[in-house]
Amino acid sequence: AGFANFSEVLSFDGAFVRPILVNTLLFAFGSVLLATVGSVLVAHCIEQLHFQGFWRVLYFLPVVATVVAIGNVWKMMYQPAGLINGVLNKLGVNSIGFLSHASYALPSVTVVHAWASIGGAVLILTAGLKAIPLMYYEAAAVDGASPWRMFWQITLPLLRPSLLFVLITQFIGGLQSFALIIVMTGDGGPVNATNVAAFEMYQQAFKFGAWGTAS
């Protein structure tokens with residue numbers, strides 16, 4: 001029944017392609033984009049500060065924390081009476097059902113995953129930044145280049161190997177995400193809005209007993 005399993009899973013009208021596969025790709029690409037941009041900015045800012053070791057440790061702490069702890073903290077912050085909605089209410093915005101509304105659930109979990117993975121990327125990128133010779137920046141400063149132009153024409157091109165590694169590892173992490181979905185949404189809801197491939201594998205095998213489909 002191996003081919004029958006593939007036919008069922010990859011059927012265009014099946015539940016896997018819509019919305020599970022789409023959710024998986026959106027989650028992976030979204031977390032990659034947010035985490036990569038965020039880690040580049042954070043790493044670049046840390047390079048300009050004193051006590052760089054302290055700031056690197058501070059941003060690395062979410063990587064050390066368990067996914068269950070991170071998911072529960074953010075779940076409480078996303079609640080109607082939580083911190084984020086409290087701030088929005090102070091600004092005159094009505095409370096948003098971040099995890100209960102199908103349109104907001106997946107972006108909300110994606111933001112948490114990206115935030116939690118920034119620390120590891122920051123360590124890699126700061127190492128890449130330190131490997132860039134200072135003479136390039138000194139020569140650019142003598143020529144009158146602005147900090148923004150130095151960033152675009154010196155930092156980013158020479159940071160390309162580190163950026164490629166971060167992009168690959170972040171994308172793999174996004175495709176494998178599983179525990180955060182369970183902690184924050186419980187069942188991939190609402191209405192399969194946060195159901196991704198790794199979570200569906202778990203459900204097919206351990207909840208429905210469909211080992212062939214899960215495999």
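This is a predicted model: local features need pLDDT of at least 70, side-chain atom pairs count only at pLDDT 80 or more; totals for chains, interfaces and linings use all residues.
Residues are numbered from 1 along each chain as its sequence is written, and side-chain values use heavy atoms, with hydrogens and water left out.

## Overall fold

The protein chain has 12 helices and 0 strands. Helices (H or I, at least four residues) and strands (E, at least two) are DSSP runs, numbered from the N terminus. Along the sequence the pattern reads α-α-α-α-α-α-α-α-α-α-α-α. The C-alpha atoms fill a box of roughly 65 × 50 × 30 Å, taken along the principal axes.

Of the 215 residues in the protein chain, 39% are buried. Buried means under 20% relative accessible area, exposed over 50%, and partly exposed in between (1.4 Å probe, protein chains only). A contact means heavy atoms within 4.5 Å. Among contacts between residues at least 6 apart in sequence, 64% join residues at least 24 apart.

His113 is found in helix α6 (residues 102-130). His113 has a relative accessible area of 14%, so it is buried. What does His113 contact, leaving aside its neighbours within four places in sequence? The partners are Phe27, Ser31, Gly173, Gly174, Ser177 and Leu180.

Helix α8 covers residues 147-158. The expected span of a helix is 1.5 Å times one less than its number of residues. The 12 residues of α8 should therefore span 16 Å; the end C-alpha atoms are 15 Å apart, which agrees. Buried residues of α8 are Met150, Phe151, Ile154, Thr155 and Leu156.

α8 packs against helix α9 (residues 160-176) at an angle of about 60 degrees, with the axes 5 Å apart. That makes α8 oblique to α9. Axes are lines fitted to C-alpha atoms, for helices over the stretch in contact, and angles run from 0 to 180 degrees between N-to-C directions. Angles under 35 degrees count as roughly parallel, over 145 as roughly antiparallel, 65 to 115 as roughly perpendicular, and the rest as oblique.

Which residues make the contact? From α8 come Leu156, Pro157 and Leu158; from α9 come Arg160, Pro161 and Leu163. By class, the contact of α8 with α9 has 5 nonpolar, no polar and 1 charged residues. Here Ala, Val, Leu, Ile, Met, Phe, Trp, Tyr, Cys and Pro count as nonpolar, Asp, Glu, Lys and Arg as charged, and the others, Gly among them, as polar.

## Aromatic pairs

The structure holds 13 aromatic pairs. Rings of Phe, Tyr and Trp (its six-membered ring) pair if their centres lie within 6.5 Å; planes under 30 degrees apart count as stacked, over 60 as edge-to-face and the rest as tilted. Two of the pairs are tabulated here.

| Pair | Centre distance | Plane angle | Class |
|---|---|---|---|
| Phe54 and Trp55 | 5.2 Å | 70 degrees | edge-to-face |
| Trp148 and Phe151 | 6.0 Å | 25 degrees | stacked |

Trp55 is partly exposed, at 30% relative accessible area. Trp148 and Phe151 are 3 residues apart in α8, so about one helical turn separates them. Trp148 is exposed, with a relative accessible area of 59%, whereas Phe151 is buried at 9%.

One aromatic cluster is formed by Phe178, Phe199, Tyr202, Phe206 and Trp211. Trp211 lies in helix α12 (residues 211-214). Not counting residues up to four places away in sequence, Trp211 touches Gln204, Ala205 and Phe206. The C-alpha atoms of Trp211 and Met201, 10 residues apart along the chain, are separated by 8.8 Å.

## Around α11

Helix α11 spans residues 197-207, and its buried residues include Ala197, Ala198, Phe199, Glu200, Gln203, Gln204 and Ala205. Gly209 follows α11 and has a positive phi, near 75 degrees.

Val191 is found in the loop between α10 (179-185) and α11. Its phi is near 50 degrees, a positive value in a residue other than glycine. Val191 counts as exposed, at 77% relative accessibility. Asn192 is also placed in the loop between α10 and α11. Asn192 is not a glycine, yet has a positive phi of about 60 degrees. At 30% relative accessibility, Asn192 is partly exposed.
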